[in-house]
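Let's walk through this one by asking and answering. Have the coordinates open while you read.

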Amino acid sequence: MNLTRIHAIFMKDYKEFSRNYAVSTMVLLPLIMALIYNQTGIESMQGYFLPVNPAFVAVTSFVQCCLIAEEKERNTLRSLMLSPATLFDILLGKSLLVFTISAITIILSVYLVGYNPANWLILGMALFLSAVFYIGLGTLCALFTKTILEASVAILPIMLIFSFGPFALQLSGKYPILQIAEWLPSAQIILLAESIEQAYTATDIMVPIITILVWSIITWFFTIVLYKKTMVD
Amino acid sequence: MMNVIDVQHLQKSFQKEEALQDVSFSIKKGEIFGFLGPSGSGKTTTIKILTAQLTRSGGSVFVLGQDAEEMKKTENRARFGILTDNSGLYSRLSVEENLLLYSKLYNLPTSSVKEALDFVNLYKDRKKKVSKLSKGMTQRVTLARSIMHKPELLFLDEPTSALDPVNTHHIYNGLRKLNEIGTTIFLTTHDMSEAETLCNRVAFLHKGKIRAIGSPQDLKKQFSDDTITVELVDGSEHCIENNRKEAKKVYEWMNQGLLSRIYRNEPTLGDIFMQLTGSDLI
């Protein structure tokens, strides 16, 4: 791992991102949602996370997916792979920008909805792990497809499932199968956020954290396998 | 002299199709080696195998003294450079920003960017966005990027395809300068005049097989029909055999002051390719 290379890839991505308005304007989506929610005056955990989960999907996964799919389509990813940069230099460098943008967007969204968590440390840990998972998901989606168009279509069902999955739980009384949505990272983070507002046990915290961690590990495992496959034709 | 590339009985199959069949050749340090063949003959497949972007189906391939698969290793990637017709440059970034990125990836000083741009005569255009460059200028930036770390071995896949003569000239000059400082160059092309201009040796690849290999001069000699064309002052042309009997005739024309021009009839590399394969290079 080489910090100079990681920084160079990060800076390159920042310049590309700031000049790519089609992708960079995506950060506005969760902020607009947060502003709208703020105006409704309703206070609920589901509501507080209304802009947060879409921020993870629309900013973290979607932007990462577009940035990598574009690199793949224009053959710049292969050029990076043929340079002395290692797998970790490239993946870390390419994830750092999206991580930073996601962090800023989510902090702003939380502020705009007027949510003040009882324990920032625990929630921050869960948000960090979620960001790692959603970055992996975006990368995986981009590596799996061949063009930006294909990637942006492929990520749509993912956006739908992970953004609005927690709402499916409302229907689980009528359709018990939807109870499965409880294990989505987007649902687990809401459960964790609800727990820290009350008297919680270690299990209340560990279960969501471990669930998101498992999602992250599985996603990144497949991402790395697919990345290595992308290195050769 | 050490072989920089050594390929023996190389085979590559894509499902049922055999892209390369029993391909063998070697390239010495400091050579410019041309791999000539029409589109689909297996040139790019060979480059991809040599740079570990593709795995071979059979045979042995050694690059810079190591098995080609070892070119995947980070430390080996800095030993070679590659230029393809697909630039792989960031179109929203400027020429300078593109090269700056690669100078950092290769751990080079910032001054290497200026050096590389001077080399391809593009320093004054360094602030231009890549998306605003002509095809020729883009290709020159790609060349600058592929040589800025001073590789021992440079792979060029159709480096001047679709370039105008002025840009082609710039690229040729750059390649000659590189070769003078000891860089070995592996060049694929279907442009026979390019191969004649640049290469010390060439190989003809057709349908995945090497049909002939040698220096352009040796190949021309080998495939020459040993005739001479004599042009007289009245504009008439006479094709004669290159022997003692015909020499008398030339002497007489010369004696009478009728001789305008005399030259040996040599086939072009394109003619040789056609003779060997029955098909054109394009």
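Q: How far apart are the end C-alpha atoms of residues 205–227 of chain A?
A: This is a predicted model, where local features need pLDDT of at least 70, side-chain atom pairs count only at pLDDT 80 or more, and totals for chains, interfaces and linings use all residues. Residues are numbered from 1 along each chain as its sequence is written, while chains are lettered from A and ligands numbered from 1 in the order in which they are written. The span is 100% helix and 0% strand, with helices (H or I, at least four residues) and strands (E, at least two) being DSSP runs numbered from the N terminus. Its end C-alpha atoms lie 33 Å apart.

Q: Which feature does UniProt place at residues 120–144 of chain A?
A: Over residues 120–144 of chain A the chain is 100% helix and 0% strand, with end C-alpha atoms 35 Å apart. UniProt positions are in the numbering used here, feature names are shortened, and annotations may be inferred rather than shown by experiment. The unreviewed UniProt entry lists this stretch, and also 205–227 among others, as "transmembrane region".

Q: What percentage of residues 37–220 of chain A is helix?
A: The unreviewed UniProt entry puts "domain: ABC-2 type transporter transmembrane" at these residues. The end C-alpha atoms of the span are 33 Å apart, and strand makes up 0%. Helix accounts for 76%.

Q: Where is the kink in helix 7 of chain A centred?
A: Helix 7 (residues 87–113) of chain A has 27 residues, so at 1.5 Å a residue it should span 39 Å, and its end C-alpha atoms agree at 38 Å apart. That expected span is 1.5 Å times one less than the number of residues. The bend at a residue is the angle between axes fitted to the seven residues ending there and the seven starting there. By that angle the helix has a kink of about 25°, centred on Leu96(A).

Q: Which residue just after helix 7 of chain A takes a positive phi?
A: Look just past the end of helix 7 of chain A, where phi is about 80°. The residue there is Gly114(A).

Q: Which helix of chain A gives the most to the side that touches chain B?
A: The contact takes 19 residues from chain A and 21 from chain B, counting two residues as in contact if their C-beta atoms, placed from the backbone, lie within 7 Å. Helix 1 (3–18) and helix 6 (76–81) of chain A each supply at least two residues of that side of chain A. With 6 residues, the top contributor is helix 1.

Q: What is the strand order in the open sheet of 4 strands in chain B?
A: Two strands pair if DSSP finds at least two bridges between them. Strand 1 (residues 3–14) of chain B is joined to strand 2 by 8 bridges, and strand 1 also pairs with strand 4 (residues 58–63) over 5 bridges. Strand 4 pairs with strand 5 over 2 bridges, and strand 2 (17–28) and strand 5 (66–67) are the edges, each pairing on one side only. The pairing is antiparallel and the order is 2-1-4-5.

Q: Which residue takes a positive phi in the hairpin of strand 9 and strand 10 of chain B?
A: Strand 9 (residues 201–206) and strand 10 (residues 209–214) of chain B run antiparallel, joined by 5 bridges. Among the partners, Ala203(B) is bridged to Ile213(B). The hairpin has 2 residues between the strands, and the one with a phi near 50° is Lys207(B).
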